[in-house]
Amino acid sequence: MIIAPSVLSLHYDDTQQQIRELNESGAQWMHFDVMDGHFVRNLTFGPDILKAFCRISPLLKDVHLMVDDPVFFADVFMDAGADLITFHYEALQTEEQMHSLIAHIHERGKKAGISVKPATPVSVLEPFIAEADLVLIMSVEPGFGGQAFMPAALDKISAVRKMAEGKELLIEVDGGINAETGKACREAGCDVLVAGSYVFKKDIKEAVSSLV
Ligand code: DX5
Ligand code: ZN
């Protein structure tokens, strides 16, 4: 299981120390939530913050774009050091735009993911399964950390696993992950667990080990 702690829940008065602990925790990815105040009613980080994290952490930078204009911001965050860019299905209007964004991310040598909010059925992802590297299932309404896991995400994980049979596709789940919900996601066929408050509200290393 790949663990992707979400730096949305970092305590920003003690960033350096927590990143040091994170680097040694066994987590392989760092999940970086970008929110623009429009796609979701919250604002988070710009590219300079990602650049700083790249300097102090070797973890893979997993950038989750919760923005109205993922086509513009994909380049901004790839320039800043993103290894993987995940955009929302709901943010673009046509399948053609989504295919071309995935192709563009690949042309730049990065991995591409596509995400759905809780209300969007995973059947809409079928046309992208062959080319995307990752599908991100939201198990909370995007926008804020600390919300409760929505169990309907488990069926979505299983459905995507089935859809992707015989293909190399990572399934990531984001929102309300702790040891218990993480275990349920693993059993449903998930590969990557995003966890924010669960990791940063207690001992980072202990929390990560309980999810692996
Ligand atoms: C929500 C974000 C999540 C969030 C998860 O919009 O995408 O990554 O940080 O936080 P927890 O683990 O606290 O639910
Ligand atoms: Zn996220």
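Biologist: Why are helix 3 and helix 4 called roughly parallel to each other?

Modeller: In this predicted model, the axes of helix 3 (residues 70–79) and helix 4 (residues 95–107) cross at roughly 10 degrees. Angles under 35 degrees count as roughly parallel, and helix 3 and helix 4 are therefore roughly parallel to each other. Their axes come within 11 Å.

Biologist: Which residues in helix 3 and helix 4 meet?

Modeller: Pro70, Val71, Ala74, Asp75 and Met78 in helix 3 meet Leu101, His104 and Ile105 in helix 4. By class, the residues of this contact are 6 nonpolar, 1 polar and 1 charged.

Biologist: What makes helix 5 roughly parallel to helix 6?

Modeller: The axes of helix 5 (residues 152–163) and helix 6 (residues 179–188) come within 8 Å and cross at roughly 25 degrees. The limit for roughly parallel is under 35 degrees, so helix 5 is roughly parallel to helix 6. The crossing is right-handed. Leu154, Ile157 and Ser158 of helix 5 make the contact with Ala184, Cys185 and Ala188 of helix 6. These residues divide into 5 nonpolar, 1 polar and no charged.

Biologist: Which residues coordinate the zinc ion (ligand 2)?

Modeller: His31 (NE2), Asp33 (OD), His64 (ND1) and Asp174 (OD) coordinate the zinc ion at 2.0 to 2.2 Å. Along the chain, the donors follow the spacing H-x1-D-x30-H-x109-D. Histidine 31 lies in strand 2 (residues 29–35) and aspartate 174 in strand 7 (residues 170–174), so this pair ties together parts 143 residues apart in sequence.

Biologist: Why is the arrangement around the zinc ion (ligand 2) called irregular?

Modeller: Six donors count as octahedral if opposite donors are over 155 degrees apart and all others between 65 and 115. The 6 donor atoms here subtend angles of 64 to 168 degrees, which makes the arrangement irregular.

Definitions and conventions: Residues are numbered from 1 along each chain as its sequence is written. Chains are lettered from A and ligands numbered from 1 in the order in which they are written. This is a predicted model: local features need pLDDT of at least 70, side-chain atom pairs count only at pLDDT 80 or more; totals for chains, interfaces and linings use all residues. Side-chain values use heavy atoms; hydrogens and water are left out. Axes are lines fitted to C-alpha atoms, for helices over the stretch in contact, and angles run from 0 to 180 degrees between N-to-C directions. Helices (H or I, at least four residues) and strands (E, at least two) are DSSP runs, numbered from the N terminus. Angles under 35 degrees count as roughly parallel, over 145 as roughly antiparallel, 65 to 115 as roughly perpendicular and the rest as oblique. A crossing is left-handed if the near helix is turned anticlockwise from the far one by less than a right angle, and right-handed if clockwise. Contact means heavy atoms within 4.5 Å. Ala, Val, Leu, Ile, Met, Phe, Trp, Tyr, Cys and Pro count as nonpolar, Asp, Glu, Lys and Arg as charged, and the others, Gly among them, as polar. Donors are N, O and S atoms within 2.8 Å of the metal (3.2 Å for Na, K and Ca); water is not among the atoms, so sites may look incomplete. Four donors count as tetrahedral if all angles lie between 85 and 135 degrees; four count as square planar and six as octahedral if opposite donors are over 155 degrees apart and all others between 65 and 115; anything else is irregular.
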